Amino acid sequence: LRKELENYYLNLENGPFGATVRFDMLDLQPLDNNELRRFGTYGMIKGAKLYILGAVQDEPGALEDLGYNMEKVILKATYLGLGTCWLGGTFRRSAFASKMNLAENELLPAITPVGYALEEVSIADKIARFTAGSKKRKPWDQLFFQGDGSTPLLKEDAGQYADALEAVRMGPSASNRQPWRIVQEKEGLYHLFLQENKLYNRLLGKIRIQNIDMGIAMCHFEMVAREQGLKGRWVVDDRKASGRKYIASWIRA
């Protein structure tokens, strides 16, 4: 399984923005307890000895591409029956970063442990999930719109793309804030926007974790669309929306 997962991420193509995302697998199994203490995981991960690290050059669209490709790795691991957990943050000065040999202009925005999840969820984990509202998702009328971007899009009006949009709605995001907003211009033409919480998104400097969320949304939308035979691609043009940041547009081929 480990080899299959390695082969998968080593053969991923670049994301929609063309940034090169670099992945590596870190095995902590040989390390003793003193060495393990150098690898901080916010106190949330216990027992994991295998991690996948994702690095990318600091350039426009890089964080979206990292989210896009790393979510593919997460989904592949899930398909193989493995447990994962997105950990986003600043790891440049951490022991994780030293293992990646980061270049001067390279960021290490996210990592994930990989392994077999405990069947019984701990009390601490239940509290963390409850606090983050992990099981809750915003309804359609708060995420998807049509026309001018203020009229909610009904599921029945999404046509063949209803499942792709639902996959975006159910996707993971930092602190479960679900910052994606999608506007349907017509069936087969969708514009993705970031409803940014600037204070939250800029706490970590260059690591804009809500931009990573945008890449996750792009991954979910595209993978479900293609699974259903709906060909298309992500493109970037010049669009604006009040209170939202334009990311990209999906155009049906």
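**Before starting**

The model is predicted: local features need pLDDT of at least 70, side-chain atom pairs count only at pLDDT 80 or more, and totals for chains, interfaces and linings use all residues. Residues are numbered from 1 along each chain as its sequence is written, and side-chain values use heavy atoms, with hydrogens and water left out.

**Whole chain**

Show the cartoon. The protein has 8 helices and 11 strands; these are DSSP runs numbered from the N terminus, helices being H or I with at least four residues and strands E with at least two. Of its 253 residues, 47% count as buried. Buried means under 20% relative accessible area, exposed over 50%, and partly exposed in between, with a 1.4 Å probe and protein chains only.

Switch to the surface. Among contacts between residues at least 6 apart in sequence, 68% join residues at least 24 apart; a contact means heavy atoms within 4.5 Å.

**Helix α1**

Select residues 2–10, which form helix α1. Which residues of α1 are buried? They are Leu5, Glu6 and Tyr9. These residues lie on the same side of α1, because they cover an arc of only 100° around the axis. The arc is that of the directions from the helix axis to the C-beta atoms. An α-helix has 3.6 residues a turn, so residues three or four places apart point the same way.

A salt bridge here is a side-chain nitrogen of Lys or Arg within 4 Å of a carboxyl oxygen of Asp or Glu. By this rule there are 10 salt bridges.

Start with Arg2 and Asp27, whose closest N and O atoms are 3.1 Å apart in a salt bridge. This pair links distant parts of the chain, with Arg2 in helix α1 and Asp27 in strand β1, 25 residues apart. Arg2 is partly exposed at 39% relative accessible area, and Asp27 is partly exposed at 31%.

Next select Lys76 and Glu4, whose side chains meet in a salt bridge (3.3 Å, N to O). Lys76 is in helix α3 and Glu4 in helix α1, 72 residues apart.

Then move to Glu106 and Arg22, a salt bridge with the closest N and O atoms 2.9 Å apart. Here Glu106 in strand β5 is linked to Arg22 in strand β1, 84 residues apart. Glu106 counts as buried at 7% relative accessibility, and Arg22 as partly exposed at 29%. Elsewhere, salt bridges that share partners join Lys155, Glu166 and Arg169 into one network.

**Gln184 in strand β8**

Select residues 180–186, strand β8, and pick out Gln184. Gln184 counts as buried because its relative accessibility is 7%. Its side chain makes a polar contact with the side chain of Tyr190 (2.7 Å). A polar contact is a pair of N or O atoms within 3.5 Å; within protein, one must be able to donate a hydrogen and the other to accept it, and residues adjacent in sequence count only if both atoms are side-chain atoms. Not counting residues up to four places away in sequence, Gln184 touches Phe145, Gln146, Gly147, Leu153, Asp157, Ala158, Leu189 and Tyr190.

**Met218 in helix α8**

Go to Met218, found in helix α8. Met218 is buried, with a relative accessible area of 0%. Leaving out residues up to four places away in sequence, it touches Pro16, Phe17, Tyr68, Leu192, Trp234, Ile247 and Ala248. Draw a C-alpha to C-alpha distance from Met218 to Leu192: the two are 26 residues apart in sequence and 8.3 Å apart in space.

**Last stop: a surface patch**

Select Leu199, Leu203 and Leu204, which make a nonpolar surface patch of about 320 Å². Patches are made of residues with over 30% relative accessible area and no salt bridge; like charges are joined within 9 Å, and nonpolar side chains (Val, Leu, Ile, Met, Phe, Trp, Tyr) within 5 Å. Leu203 sits in the loop between α7 (198–201) and α8 (209–227), and counts as exposed because its relative accessibility is 60%.

Conventions:
Areas by Shrake-Rupley, 256 points an atom, 1.4 Å probe, with all protein chains shown as cover.
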